[in-house]
Amino acid sequence: MSEVTYQDFEKVELRVGEIIRAEPFPKARKPAYRLWIDFGELGVKKSSAQITDHYTCEQLVGRKIVAVTNFPPRQVANFMSEVLVLGVPATEGGVSLLKIEHEVPLGSRVY
């Protein structure tokens, strides 16, 4: 993997949001949820996330997440995904979401 400069990193907006709504996404090719995420002053953004192995919709609502907020929107089936929710592959499969441990303002930028 090639190195990036700090200026390259600054181009990617990683921000904290709170999931305010989550529902199954049966039209997605792989199991996924449709999420509505509050980013404070940036507003509510939508995302499709393949995180069904370790999370239920009920567990996701109210959860703080980290997402890339400046990628172009992407059409996923009949849903426009506006942000990319970040996670890592779990040892037992599926995705483990990044976790915010303390209270931070919604929309805070990760650095």
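Which side chain meets that of Arg15 in a salt bridge, and what is the N to O distance? Please go on to the other charged pairs, and then to the rest of the structure.

Modeller: A caution to begin with: this is a predicted model.

The partner is Glu13. The side chains of Arg15 and Glu13 meet in a salt bridge, at 2.9 Å from N to O. Arg15 has a relative accessibility of 16%, so it counts as buried, the limit being under 20%. Glu13 has a relative accessible area of 22%, so it is partly exposed. The structure holds six salt bridges. Side chains of opposite charge can pair when their charged atoms come close.

Now take Lys64. The side chain of Lys64 meets that of Glu18 in a salt bridge, 3.7 Å from N to O. This pair links distant parts of the chain. Glu18 is in strand β1, residues 14–24, and Lys64 is in strand β4, residues 64–68. They are 46 residues apart. At 23% relative accessibility, Glu18 counts as partly exposed. Lys64 is buried, with a relative accessible area of 16%.

Lys64 has another partner. Glu103 forms a salt bridge with Lys64, and the closest N and O atoms are 3.6 Å apart. Again the pair links distant parts of the chain. Glu103 lies in the segment after β9, 39 residues from Lys64 in strand β4. Glu103 counts as exposed, at 70% relative accessibility. Salt bridges that share partners join Glu18, Lys64 and Glu103 into one network.

Next, the pocket. The largest pocket holds about 640 Å³ of space. Its lining has 25 residues. Ser48, Gln50, Arg74, Val76 and Leu84 lie nearest the centre. Several strands contribute. β3 (44–49), β5 (74–76), β7 (84–85) and β9 (95–97) each supply at least two residues of the lining. By type, the lining residues divide into 14 nonpolar, six polar and five charged.

Ala77 sits in the loop between β5 and β6 (79–81). Ala77 has a positive phi of about 55°, although it is not a glycine. At 43% relative accessibility, Ala77 counts as partly exposed.

Phe9 is in helix α1, residues 6–10. With a relative accessible area of 32%, Phe9 is partly exposed. Phe9 also belongs to a nonpolar patch on the surface, together with Tyr6 and Tyr111. The accessible area of these three residues together is about 430 Å². Patch members need over 30% relative accessible area, so Phe9 at 32% passes that cut-off.

Cys57 is in helix α2, residues 57–60. Cys57 counts as buried, at 11% relative accessibility. In sequence, Cys57 and Ile19 are 38 residues apart. In space, their C-alpha atoms are 9.8 Å apart.

Notes:
Residues are numbered from 1 along each chain as its sequence is written. This is a predicted model: local features need pLDDT of at least 70, side-chain atom pairs count only at pLDDT 80 or more; totals for chains, interfaces and linings use all residues. Side-chain values use heavy atoms; hydrogens and water are left out. Patches are made of residues with over 30% relative accessible area and no salt bridge: like charges are joined within 9 Å, nonpolar side chains (Val, Leu, Ile, Met, Phe, Trp, Tyr) within 5 Å. Accessible areas come from the Shrake-Rupley method with a 1.4 Å probe; for residues, only the protein chains shown count as cover. A salt bridge is a side-chain nitrogen of Lys or Arg within 4 Å of a carboxyl oxygen of Asp or Glu. Helices (H or I, at least four residues) and strands (E, at least two) are DSSP runs, numbered from the N terminus. Buried means under 20% relative accessible area, exposed over 50%, partly exposed in between (1.4 Å probe, protein chains only). On a 1 Å grid over the protein atoms alone, a cavity is a set of points where a 1.4 Å probe fits but cannot get out, and a pocket is an open set with protein on both sides within 12 Å along at least five of seven lines; lining residues have an atom within 4 Å of a point. Grid points are joined across faces, edges and corners, and a volume is the space filled by probe spheres set on the points. Ala, Val, Leu, Ile, Met, Phe, Trp, Tyr, Cys and Pro count as nonpolar, Asp, Glu, Lys and Arg as charged, and the others, Gly among them, as polar.
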